[in-house]
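Thanks for making the time this morning.

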Amino acid sequence: MKRAPRGPARLTGRYARRAPGEPRAVGYLYVLPALALYGALLVFPFGQSVWLSLLHWDGLTAATWAGGDNYHDLLTDPDLRAPFAHALILLVFYSALPVAIGLLLAALLSRARVRGMTFFRTVLFLPQVLALVVVGVAWRSILAPDGLLNDTLEAVGLGTLARPWLGDYDWALPAVGIVGTWVGTGLCMVLFLAGAQRIPRELYEAARLDGAGPIREFLAVTLPGLRPQIAVALTLTIVAGLRNFDLIYITTSGGPGNATSVPAYEVYHRAFETNQVGSAAAIGVTLTLLIFVLTVGISRLVEGRRT
Amino acid sequence: MPNRAARAQRPRGTAPVVALATLALLAAGCVPGTDGSAAGGGTAGGATAIPDPAKAGKVTLTVWDQEIRGGTNAEVEQLNKEFQRAYPNVRVKRVARGFTDLKATLKLAVSGNNPPDVVQANQGYPDMVAFVRAGLLAPLDNYAGIYDWNTRYPTTLLNHNRVSADGRRFGTGRLYGISQTGEFVGLYYNKDLLAKSGLRPPRTWDEFTGQLARLRSDGRLPIQFGNLDKYPAIHTFGVLQSQSGAAPVRDLVFGRAGRFDNRQTTEAAATLADWHRRGYLPKGANGLGYDDAAKKFASGDGAYLITGTWQLADLKKAMGDNLGLMPPPPATPGGPPLSTGGQGLAWSITSRSKHPEVAAAYLDFLTSEHAADVMTRHGVLPAVPGEAAARVPRTSVDGQMLDTWRRLNEADGLVPYLDYATPTFYDTLSEGLQGVIAGAQSPERFAATAQRDYAAFMAEQREGDRDAAAGPGPRRDGR
């Protein structure tokens, strides 16, 4: 803060040492209540989680020091590595697919004048509004062995494809993933539609004059114009995908076997069901760091180049 | 599947959080749990005469239980009302949650600053033993003497609620709870469907398995079964595994003798996989929910349903006289019955309850002969059936349940739930059995995995014994 230029304003006292709008110490007083709340509700519990992750603790009796044991286990125990691998696979369904489909829908909807546009937008956005527990219960019955999906497959003569989706070792993870895609796509689409409206019309006209077809136009104008929205969409969906707990809890409890266990579910499972609080905390902390790194990476990647 | 709202406690991730984590770490610098480690201790149990709750003044008794199914819920509600009518100075504040929810939240509740007075704790290492080791439950031996629980209940049943004084062993030592209901895993059958295939309830195990093939070739589903929730297979597997005798399995579960990778385990797992392959179980049983399967059976889909007596009241409501219940048939006609079972979750008193004597009177009331009659009227199996049970017609499904319970106890044919065996066995078994059913894991590998878990825990127990024998010393550190 010493960088503020010293000038003739010395007369008007110490405030004048800074340019207008430059942060002042007194400003911190204004954010102090919020900061205190943030510290008490988020930073302190997180610190406690870090502390717990360094202990062997069953949640009831005295804890013993574990040091890095719990983190070491994360690297060596296949039962602990698997959830992270599953989470990364799920990111394709929770993040990549919704963004891709959202872009496609936005490109289509913003080009063509669709009758009843608001209706379609609302329908596609609807999954965002529902509680994930409701989504989970609904999809659990859709994916049941004699649920809607299998019935439909049988009806159109694709009965051989029918399977107990959530109980199938190969298909359970993609099945849960599809639910995530269904939830995330609407959000992405609405974000992109809003963004597309802010792209100047002249750019499209210029592109068309230059003889660009719809694909060329999308790649040259729409996509670069949507960059900030893509960054937001990726960040939101990746965070949602990685902390995904409710869907797994409701649909599969991590099964069959542990084919769909994810870190967030494993945190709950270990802390509340198998009395391994230290290990649960280590997973939680690692997950937090992973989310942090990914979100920072995305904002660097997508937004950084703009400035 | 009600009440399965998500309850993850997870730190959120943002930049300043990470940056300030070290700071908060310093603020949080104490080892948790250091104040609750008085193993085997507890305060209650000083009474020498029958306590009189009427003289306790104004008391609120907070009770956490998991009896939310139709019959049990009604029975507990009625008994609570009656208890409060008998002692107007006592208010019973009931918190009822489903089994999974209660299991997940109870630990925080009993270790918190304001624990409930009475809780329903699941037997075995993850719950009851862990609570006792942390000194959170009050020993009830005194009350068992005062109230004659020792003579009211068979020893086998009481033993399931015992934990050794050092809080390390299950099935022996002090009494930490008393169960209200009995339960066993039996064969529910649909009388109509059996008759349509010209079958009658089987008298032997071979007859039963023969019927499965017959039902299948008649185009009916022999056994309704849903294993999406992971645990139902433990019950079915338990029935299969104990076919050749209760004693060896019981020794295994209580850690007295044996190995899990034996012939019985492998064969039982192979049978389960075989049943699924042959279509005796629904195709893709791993994808069907437990409650959904029960509903399907109740609506006439499936000739048999292998599950516990806790389902009886709900099934009967849908099926009426068409529902039958029997123990898994023995190897020879008229042989002693044998099945997985035991008793409902134990009702325990927390060690920091301010009214242990009122709580004890409440437990006595809940398990009294009168309570047994109330349970019978609501279609619930009392651990010790009373007079009302004798009047239930033996041909009704309730009569079949009571009769089977009596015969199982007389023949000493109850095999404890397999997941009691180690703290992590529930996971190991449920995950493994899903693999066995799907054909993703061979019966041999399943047995080997179970044995690995079992052997690790047994070794840990033995090591603990050596430490205990070496006398008091510094607590063994994790490594």
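Before I come to the first of them, let me say that by a polar contact I mean a pair of N or O atoms within 3.5 Å, where, within protein, one must be able to donate a hydrogen and the other to accept it. Please also keep in mind that this is a predicted model.

With that in hand, look at B:Gln400, which sits in helix 18 of chain B, the run covering residues 397-410. The side chain of B:Gln400 makes a polar contact with the side chain of B:Tyr189, at 3.0 Å. Is B:Gln400 buried or exposed? Its relative accessible area is 16%, and because the cut-off for buried is under 20%, B:Gln400 counts as buried. Once neighbours within four places in sequence are left aside, the residues in contact with B:Gln400 include B:Leu323, B:Gly324 and B:Leu325, as well as B:Arg394 and B:Thr395.

Let me move on to helix 19 of chain B, residues 425-438, which has 14 residues and reaches 20 Å from its first C-alpha to its last, close to the 20 Å expected. This helix is mostly covered, with 11 of its 14 residues buried, among them B:Phe425, B:Leu429, B:Leu433 and B:Val436. What covers these buried residues includes helix 12 (263-273) of chain A, and, from chain B, helix 10 (232-241), helix 12 (263-277) and helix 20 (443-469). After helix 19 of chain B comes B:Gly439, whose phi is positive, near 80°.

Finally, a word on confidence: chain A averages a pLDDT of 87, with 91% of the residues scoring at least 70, although over residues 4-11 of chain A the pLDDT is below 50.

Notes
Residues numbered from 1 in each chain as written. Chains lettered and ligands numbered in written order. Heavy atoms only, no water. Helix = DSSP H or I, 4+ residues; strand = E, 2+ residues; numbered from the N terminus. Buried < 20%, exposed > 50% of the residue type's maximum accessible area, 1.4 Å probe, protein only. Contact = heavy atoms within 4.5 Å. Expected span 1.5 Å × (residues − 1). pLDDT = per-residue confidence, 0-100.
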